[in-house]
Amino acid sequence: MSARKIAALVWFLALTPGLVVLIFMGPADFDSAGAVLNTAGRLTGILGLSMLLVAAALCCRVPGFDRPFGGLTKLWQLHHRIGAAAFLLLLAHPVFLSLAAADVSLSTSVATLFSNTPGLWLGWLALLSMMVFLAPSFAFFGLPGYQRWKWLHRLSGPAIVLALIHTLLLARTLPGIWNWILWTVFLAIALVALGYRWLFSRVWGRHRYLIDEVHTPANNVVELVLKPLGEPLDYVAGQFVYLTPYDKNLEAGYREEHPYTLSSAPGESGLRIAIKDLGNASRALQSVTPGTEVNIEGPYGDFFPRTEDGRPELWIAGGIGITPFLGRLRHLAREGLPADLHLVFCVQDESRALFLEELKTLVDRIEGASLSLHFFYREGPLSADFLHRHCPDLTQRHAYICGPVPLLHLARKLLIQAGVPQHCILTEEFVLL
């Protein structure tokens, strides 16, 4: 099943409570303006809560669960959309109910929003908690700090509990038994997911590794070589992991998890992870000490095809975005596999071309592989002319893009304008993962 169909099924699951509610509604729920507003208020509350629970379930981060969605990035984008829809619906919920009550009197409208009913105040506490942890996710507020965003999202648990109690105390749309069945099922889904995330994964879902070597391919990039202290990670080329270092001497990032792409090939005795100085934690890892223990959680991602089917490919990488391509080139060379691929590596100048000599060597070893370098300082932004000149048959290829967000958008735009079908373009990006 395609990733789009799976996403559609998830949306259908999130909307199911609203469809169930409609079954139990009658003409009286729509016979006046006040009744329509009241119905809208109840529906927005029910749909908002069900979407909130489904969004919570999607954040479980079980390795492999993300692959049918097209990778963890695509899964989290779905999580963000459903969570944003839940937030907006729950904001509208009290507004519709208050407007409906205004059809009776102003005092009734005020009492609908503010009364001494415990269930009502629990609802307000839930909504305020959601404002705190969901509002920063909207672009309007700017991009929040990664760790602050993660800490704020811990309010999601209390918010869900408060919202459920509010619903069970005040809900009157569904008959009692249906009300309990509906929310028990959705709560169970969310609890299983959150239970894995906060309990099981912390104890049994992580792999212990030791930093064996630290290589410096550039002055702001390191490649960590890790050896397993227990069960080694099973992964495919191009996937990424969450790395948590336990070096107390680090200036930042101690016991903080961050996502990094694996640059090693499956089958190697250990893992290799290339890390560029892009923030406090990644900057601190530039001077991490060999012998440091780290936790690895994953793998995640579904960037490359799961089988070597021989279809022609165009790879476009920018900066540290070369990492998943490096891992796959190492895998192809290690296994002696041919591949009809063309790599376009976009950098500012030759001195910024990470792993360039190894890339050239790997491409020479792989039958059918080729490499083109694009230098921004010499040629300006990537252009359609450059792509057509270096890869004339690009419209016949599946395209894979990884790098800075501006390059992702530009390359995708150029490929679509050139006639590459959208379903043949895959991107990998890390935005609040």
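A salt bridge is a side-chain nitrogen of Lys or Arg within 4 Å of a carboxyl oxygen of Asp or Glu. The model is predicted: local features need pLDDT of at least 70, side-chain atom pairs count only at pLDDT 80 or more, and totals for chains, interfaces and linings use all residues. Residues are numbered from 1 along each chain as its sequence is written, and side-chain values use heavy atoms, without hydrogens and water.

Glu428 sits in strand 11, residues 425-428. Strands (E, at least two residues) and helices (H or I, at least four) are DSSP runs, numbered from the N terminus. Beyond its neighbours within four places in sequence, Glu428 has contacts (heavy atoms within 4.5 Å) that include Thr73, Phe240 and Cys402.

Salt bridges number 15 by this rule. One of them joins Arg61 and Glu257, with the closest N and O atoms 3.0 Å apart. Arg61 lies in the loop between helix 2 (33-57) and helix 3 (72-101). Glu257 lies in the loop between strand 3 (240-245) and strand 4 (258-261). The two are 196 residues apart. Arg61 is buried, at 4% relative accessible area. Glu257 is also buried, at 9%.

Asp393 and Arg397 form another salt bridge (3.0 Å, N to O). Arg397 is buried at 9% relative accessibility. Shared partners join Arg61, Arg206, Glu257 and Glu297 into one salt-bridge network.

Technical notes:
Buried means under 20% relative accessible area, exposed over 50%, partly exposed in between (1.4 Å probe, protein chains only).
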